[in-house]
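Please read these notes with the model open beside them.

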Amino acid sequence: MKVYDTVNKTTVELDEQGLIDTLIAGRQVDVFLKAEKTDPDGYMTWNEEHWTSVSDKKFVRYYSINGRLLGEYTGHNIYDLKNEFKPYEAVKVELS
């Protein structure tokens with residue numbers, strides 16, 4: 001998939017594993033979703049996910065709606081990441 005690198009001002013071609021490797025290397029991956037998502041309890045709605053890594057096996061996802069960062073985040077291990085990190089469902093993916 002095409003990913004815009006906001007630091008180097010270039011577009012790169014990365015697959016899902018390439019994005020995970022980039023996360024582990026210390027870059028943030030911003031995923032702009034095609035549609036809004038809501039959690040099962042109806043507590044929070046978002047349309048952007050910002051993924052960062054704490055280590056090579058621990059990751060944090062922050063949420064935004066229409067460019068406004070929400071005060072919530074979730075922690076994930078490498079196994080959660082394989083189920084929750086879905087950049088292929090995005091309209092746009094950026095590296096920060």
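1. Burial. A residue is called buried when its relative accessible area is under 20%, exposed when it is over 50%, and partly exposed in between, with a 1.4 Å probe and protein chains only. Buried residues make up 40% of the 96 residues in the protein.

2. Basis of the values. This is a predicted model, in which local features need pLDDT of at least 70 and side-chain atom pairs count only at pLDDT 80 or more, while totals for chains, interfaces and linings use all residues. Residues are numbered from 1 along each chain as its sequence is written, and side-chain values use heavy atoms, with hydrogens and water left out.

3. Elements. The protein has 2 helices and 7 strands. Both kinds are DSSP runs numbered from the N terminus: helices are H or I with at least four residues, strands are E with at least two. The order from the N terminus is β-β-α-β-β-β-β-α-β.

4. Overall dimensions. The C-alpha trace spans about 35 × 25 × 20 Å along its principal axes.

5. A contact means heavy atoms within 4.5 Å. Of the contacts with a separation of 6 or more, 42% are between residues 24 or more positions apart. The accessible surface comes to about 5700 Å², and 49% of this belongs to carbon and sulfur atoms; the areas come from the Shrake-Rupley method with a 1.4 Å probe, and for residues only the protein chains shown count as cover. The mean positions of the 12 positive and 17 negative charges are 3 Å apart. Lys and Arg count as positive and Asp and Glu as negative, without His and the chain ends; the charge is placed at NZ of Lys, CZ of Arg, CG of Asp or CD of Glu.

6. In S1 (residues 2-5), Val3 and Asp5 form the covered face, and Lys2 and Tyr4 form the uncovered one. Two strands are said to pair if DSSP finds at least two bridges between them. S1 pairs with S2 (residues 10-13) in the antiparallel sense over 4 bridges, and Lys2 has Glu13 of S2 as its bridge partner. S1 also runs parallel to S7 (residues 90-95), to which 2 bridges join it; here Tyr4 is partnered by Glu94.

7. Helix H1. Which residues of H1 (residues 16-24) are buried? They are Gly18, Leu19, Ile20, Thr22 and Leu23. These buried residues pack against strands S1, S3 (29-38), S4 (45-53), S5 (58-65) and S7, and against helix H2 (78-84). After H1 comes Gly26, with a positive phi near 110 degrees.

8. S5 is mostly covered, with 6 of its 8 residues buried. S4 and S5 are antiparallel and pair over 6 bridges, in a hairpin with 4 residues between the strands. Glu49 stands opposite Tyr63 of S5. S5 is also joined to S6 (residues 68-77) by 7 bridges, again in the antiparallel sense, and Ser64 is opposite Leu69 of S6. The S5 and S6 hairpin has 2 residues between its strands.

9. Where does Lys9 lie? Lys9 is in the loop between S1 and S2, and its phi is positive, about 55 degrees, although Lys9 is not a glycine. Lys9 counts as exposed because its relative accessibility is 58%. Asn66, in the loop between S5 and S6, has a positive phi near 50 degrees and is likewise a residue other than glycine. Its relative accessibility is 61%, so Asn66 counts as exposed.

10. Thr38. This residue lies in strand S3. Its relative accessibility is 46%, so Thr38 counts as partly exposed. Leaving aside residues up to four places away in sequence, Thr38 touches Met44, Thr45 and Trp46. Thr38 and Lys92 are 54 residues apart along the chain, and their C-alpha atoms are separated by 19 Å.
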